[in-house]
Amino acid sequence: MSDSAGSSSTVTACAMLVDAPVVPLLFRPLRIPPSGPTTSNFFIADAGSKGAGMFAARDIPAGALILVDRPVVVVPSSVSSSWKREAFDALLPRISQKSRDALLALANCHSLSKCPVIEGIALTNAFQIALPTPPLAAPQEYGGVFPDISRANHSCGLNTAVKWDLASFSVSMYSLRDVRAGEEIHNQYIDVLASRAERRAQLARYDFECMCVHCDLPDEAAVARSDAARAELRNWRHLRPRLLPWVNDMCRADDTIIVSNLRALELIVQEGLYGMQVPFIEEIALSYAVLDDEPQFRVWAQKVVDLCLGQDPVRAVKFAGWIANPRSYKQWGWRAKQRLLLDNKKSSLDIDFSIPW
């Protein structure tokens with residue numbers, strides 16, 4: 001990937017430390033990444049004890065594309081100790097001055113006594129990306145360090161999500177809810193469905209204790225409530241009714257999925273886990289579809305479209321089509337029809353056996 005800022009053909013926008021069999025799979029024409037906003041949606045500023053952070057430059061609606069970024073460095077998540085130090089050191093002179101400046105501006109939570117600067121920056125800021133896997137090779141995980149997205153600090157309640165696209169070798173950041181101007185934009189470093197104690201243990205490798213609003217709770221009772229909510233969401237699909245079985249199970253109440261998923265959305269808002277909301281909103285919309293409730297279907301289907309327009313356009317287009325013509329959904333009104341048939345059968349069996357006098 002050449003960069004106009006480079007001074008020679010050996011200087012690139014991105015230096016990659018990858019296994020040799022992966023290299024030929026990467027040299028191919030790149031698709032143009034999604035068009036980013038015409039004006040910046042964010043700025044970098046002081047975030048107090050967290051150092052620098054990313055903040056919204058304006059009000060950003062839910063589902064909006066915030067930025068598109070490409071990595072300046074790609075490294076394996078685990079490398080041989082016999083050569084990793086030299087390999088990391090060799091990355092810096094291979095990237096352009098522009099990329100070098102962006103890389104060196106990132107935080108480093110590792111001391112020089114433990115690892116060189118570039119290795120420390122990579123360990124602090126890289127997040128997982130998918131690279132092609134050679135045939136018959138064991139999968140290897142890689143992380144990318146990005147000049148802008150890597151500036152976002154962690155929070156256990158997220159207002160954005162990132163989506164890696166190998167074809168364009170870029171990552172896009174989308175808002176998960178409305179983000180107010182001046183609000184800090186966060187990224188996810190760890191499994192946010194874990195308990196607070198587990199999350200803080202995972203974050204120890206970044207040398208900080210998370211004090212986001214979902215961790216800095218007033219008492220142990222509040223911690224227990226938060227942990228229970230996240231555990232409930234983690235196990236939701238194993239313990240709660242699912243849409244497709246419910247559609248054909250006329251013994252269950254017609255609002256079973258709606259009530260269940262509204263409970264999930266309540267927990268999602270409570271814990272700030274907005275990245276989980278789309279599947280629950282989708283199931284609510286489709287529940288109203290099979291119940292032949294067009295007004296409510298339109299309300300919830302539109303929420304799906306708004307949230308997915310940028311990061312999941314295929315889903316957004318599908319639901320937009322159903323909003324335009326609800327009855328094009330092949331199971332439209334199916335459960336309502338079955339309920340009507342059952343009610344008619346029941347009525348036909350209500351025979352009056354009383355003796356007339």
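Predicted model: local features only at pLDDT ≥ 70, side-chain atom pairs only at ≥ 80, totals over all residues.
Trainee: Where is the place of Q277, and with which residues is Q277 in contact, leaving aside neighbours within four places in sequence?

Mentor: Q277 is in helix α10, where helices (H or I, at least four residues) and strands (E, at least two) are DSSP runs numbered from the N terminus. Contact means heavy atoms within 4.5 Å, and apart from neighbours within four places in sequence, Q277 is in contact with L176, L265, I268 and L307. As a sense of scale, the C-alpha atoms of Q277 and L136 are 37 Å apart in space, and these residues are 141 apart in sequence.

Trainee: How many helices and strands are there in the protein, and what does its C-alpha trace span?

Mentor: The protein has 13 helices and 11 strands, and its C-alpha trace spans about 105 × 50 × 45 Å along the principal axes. It has 357 residues, of which 44% count as buried.

Trainee: At what angle do α9 and α10 pack?

Mentor: Two packed helices are described by the angle between their axes and the distance between the axes. Axes are lines fitted to C-alpha atoms, for helices over the stretch in contact, and angles run from 0 to 180 degrees between N-to-C directions. Here α9 and α10 pack at about 155°, with their axes 9 Å apart, which means that α9 is roughly antiparallel to α10; angles under 35 degrees count as roughly parallel, over 145 as roughly antiparallel, 65 to 115 as roughly perpendicular and the rest as oblique. The contact includes L265 and I268 of α9 and Q277 of α10, and its residues divide into 10 nonpolar, 3 polar and 1 charged. In that count, Ala, Val, Leu, Ile, Met, Phe, Trp, Tyr, Cys and Pro are nonpolar, Asp, Glu, Lys and Arg charged, and the others, Gly among them, polar.

Trainee: How far apart are the axes of α10 and α12?

Mentor: Helix α10 (residues 277–290) and helix α12 (residues 313–324) have their axes 13 Å apart and pack at an angle of about 20°, which means that α10 is roughly parallel to α12. Their contact is made by V278, P279, E282, A285 and L286 of α10 together with R315, F319 and W322 of α12, and these residues divide into 6 nonpolar, no polar and 2 charged.

Trainee: How many residues has the largest nonpolar core?

Mentor: In soluble globular proteins, nonpolar side chains tend to be buried together. A nonpolar core is a set of buried Ala, Val, Leu, Ile, Met, Phe, Trp, Tyr and Cys residues joined through side-chain atoms within 4.5 Å. The largest one here has 41 residues, and L233, L265, F297, W300, F319 and Y329 have the most contacts inside it. Helix α10 gives the most to this core, with 9 residues. A second, separate core has 25 residues, including I60, F127, I149 and V171.

Trainee: Which residues does F319 touch, not counting those up to four places away in sequence?

Mentor: With those set aside, F319 touches E282, A285, L286, A301, V304 and V305.

Trainee: What is phi of F169 near, and what is the positive phi of D207?

Mentor: Most residues other than glycine have a negative phi, and most peptide bonds are trans. Phi of F169 is near 50°, and that of D207 is about 60°. F169 is found in the loop between β9 (160–165) and β10 (170–175) and is buried, with a relative accessible area of 3%. D207 is in the loop between α5 (196–203) and α6 and counts as exposed, at 61% relative accessibility.

Methods:
Residues numbered from 1 in each chain as written. Heavy atoms only, no water. Buried < 20%, exposed > 50% of the residue type's maximum accessible area, 1.4 Å probe, protein only.
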